[in-house]
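Hi,

Here is the structure I promised to send over. Have a look at it first, and then read my notes on the charged pairs below.

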Amino acid sequence: MNDGSVAITSKIERIKTSVQRFFGPWGVFFKGFLKHPVMVGSIIPSSRWTVQKMLAPVKWDECKLFVEYGPGVGTFCQPVLDRMRPDATLLVIDTNPDFIEFLRKHFRDSRFIAVHGSAADVNDIIRGFGFEHADYVLSGLPFSTLPGDLGPKIAEETGKAIRPGGAFLVYQFRARARDFMEPHFKRIDNGYEFWNVLPCYLFWGWKG
């Protein structure tokens, strides 16, 4: 790498850091998008309307373990914690170490666990924390653009991870996410949220 490339790289990193400091959580999210655009899928966190609609069908009194893939800066985390039982657990999984570091510092709730890892390993991860199954799994991962066979693998492992009666809650910019879910869930309910950047498709896949 020549001096010019080093200077450009250094300038980009300074811009990322400045954005993060100025915008707080939004800056962290923007930095994460720049580093892993295929995995993050969006440059803007989900809207409160998307959060409300996605969580509406959850039976919180029956939920002991709620899992989230790709939590980003925790847009869903506090609303989930606010609704959960005192003895329940919210376990979030993200491949981006910047997000995990931010979440661990930001959320001090004893019910909250942040794991740096892949959603494809969800069964090993939840067993590692003493759980056999998840009651609900939430995901905003961009299934249709994930590399290789990662999308189908995550959908398959999620189907194994969720208990009967539980659900896979998915919000996406493309309707193709349903194709990944259909082989593993008995019933899939559909929704759409216009008040989001970008507007998104909502899916709730229920285990029989």
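**Salt bridges**

Let's start with Glu156, which forms a salt bridge with Lys160, their closest N and O atoms sitting 3.6 Å apart. A salt bridge here is a side-chain nitrogen of Lys or Arg within 4 Å of a carboxyl oxygen of Asp or Glu. Before going on: this is a predicted model, where local features need pLDDT of at least 70 and side-chain atom pairs count only at pLDDT 80 or more, while totals for chains, interfaces and linings use all residues. Residues are numbered from 1 along each chain as its sequence is written, and side-chain values use heavy atoms, with hydrogens and water left out.

Glu156 and Lys160 are four residues apart in helix α8 (residues 150-161), so about one helical turn separates them. Helices (H or I, at least four residues) and strands (E, at least two) are DSSP runs, numbered from the N terminus. Glu156 is partly exposed at 32% relative accessible area, and Lys160 is partly exposed too, at 47%. The cut-offs are under 20% for buried and over 50% for exposed, with partly exposed in between (1.4 Å probe, protein chains only).

Then there's Arg163, which pairs with Glu62 at 4.0 Å between the closest N and O atoms. Arg163 is buried at 18%, whereas Glu62 is partly exposed at 40%.

In total, the count comes to 12 salt bridges.

Cheers
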